[in-house]
Amino acid sequence: MDEKQYDVAAVKKRLNRYREKERDIDTQIERLGRLETRLTGIRSPVISDMPKSHGAVDDRLVNLIAEKDELESKIRLDIKSQTSTWREIEDVLDTLTKSDEKAVIRVRYHDRESWSAVSKILFGKRKDFSEKEESYLRRVHKLHGAALVNLARAIEERTDRDVFSSD
């Protein structure tokens with residue numbers, strides 16, 4: 001008897017795109033911070049009795065302000081899109097019955113933790129965690145695989161299947 005195959009690859013691809021977009025937003029926020037520092041940086045005064053031409057400095061400042069405004073706008077739009085995407089993912093996650101499967105997806109993709117961090121978050125309080133850390137890591141990978149299958153199944157059963165196919 002053939003077991004039904006679900007599109008696990010599409011689910012994994014969508015979750016990885018979400019994770020990468022989050023990383024991109026963090027990078028843009030860091031860029032914004034550097035840009036703000038450049039805008040507010042104190043310049044050393046030039047002591048001279050010569051007349052000053054502020055044209056080039058003013059143009060540079062105007063360009064930096066415009067770049068900052070544009071970057072802030074892009075970040076706001078990206079965050080809004082990511083918030084909406086995560087709500088859609090959460091809607092599907094809520095259909096899963098096993099809390100460990102939900103936790104693996106949330107911690108790995110939303111919180112963007114490493115596999116070892118996911119393992120520690122899920123099982124780190126167990127007495128034998130230190131001795132069996134590799135075993136718990138394998139268990140996390142199995143939970144992840146099961147969660148992907150169950151998410152793919154849940155998506156296929158939904159009427160709005162485009163949750164994991166849109167960008």
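Colleague: Start with α3. What span should its 12 residues have, and how far apart are its end C-alpha atoms?
Modeller: This is a predicted model, to begin with. At 1.5 Å a residue, α3 should span 16 Å, and its end C-alpha atoms are 15 Å apart, which agrees.
Colleague: Which residues in α3 are buried?
Modeller: Glu101, Lys102, Val104, Ile105, Val107, Arg108 and Tyr109. Just after α3, arginine 112 takes a positive phi of about 60°.
Colleague: What is isoleucine 105 in contact with, leaving aside neighbours within four places in sequence?
Modeller: Its contacts are Leu15, Trp86, Leu93, His110, His144, Ala147, Leu148 and Leu151. Ile105 is also among the residues with the most contacts inside the largest nonpolar core, which has 16 residues.
Colleague: Which elements give two or more residues to that core?
Modeller: α1, α2, α3 and α5 do. The largest share, 6 residues, comes from α5. A second, separate core has 9 residues, including Val104 and Phe123.
Colleague: Changing topic: how many salt bridges are there?
Modeller: The count comes to 10. One of them joins arginine 31 and glutamate 67, with the closest N and O atoms 3.7 Å apart. That pair links helix α1 to helix α2, 36 residues apart.
Colleague: And aspartate 78, what does it pair with?
Modeller: Lysine 74, with the closest N and O atoms 2.9 Å apart. They are 4 residues apart in helix α2, so about one helical turn separates them.
Colleague: Is aspartate 78 buried or exposed?
Modeller: Aspartate 78 counts as buried, at 11% relative accessibility, while lysine 74 counts as partly exposed, at 36%.

How values were computed:
Residues are numbered from 1 along each chain as its sequence is written. This is a predicted model: local features need pLDDT of at least 70, side-chain atom pairs count only at pLDDT 80 or more; totals for chains, interfaces and linings use all residues. Side-chain values use heavy atoms; hydrogens and water are left out. A nonpolar core is a set of buried Ala, Val, Leu, Ile, Met, Phe, Trp, Tyr and Cys residues joined through side-chain atoms within 4.5 Å. Buried means under 20% relative accessible area, exposed over 50%, partly exposed in between (1.4 Å probe, protein chains only). Contact means heavy atoms within 4.5 Å. The expected span of a helix is 1.5 Å times one less than its number of residues. A salt bridge is a side-chain nitrogen of Lys or Arg within 4 Å of a carboxyl oxygen of Asp or Glu.
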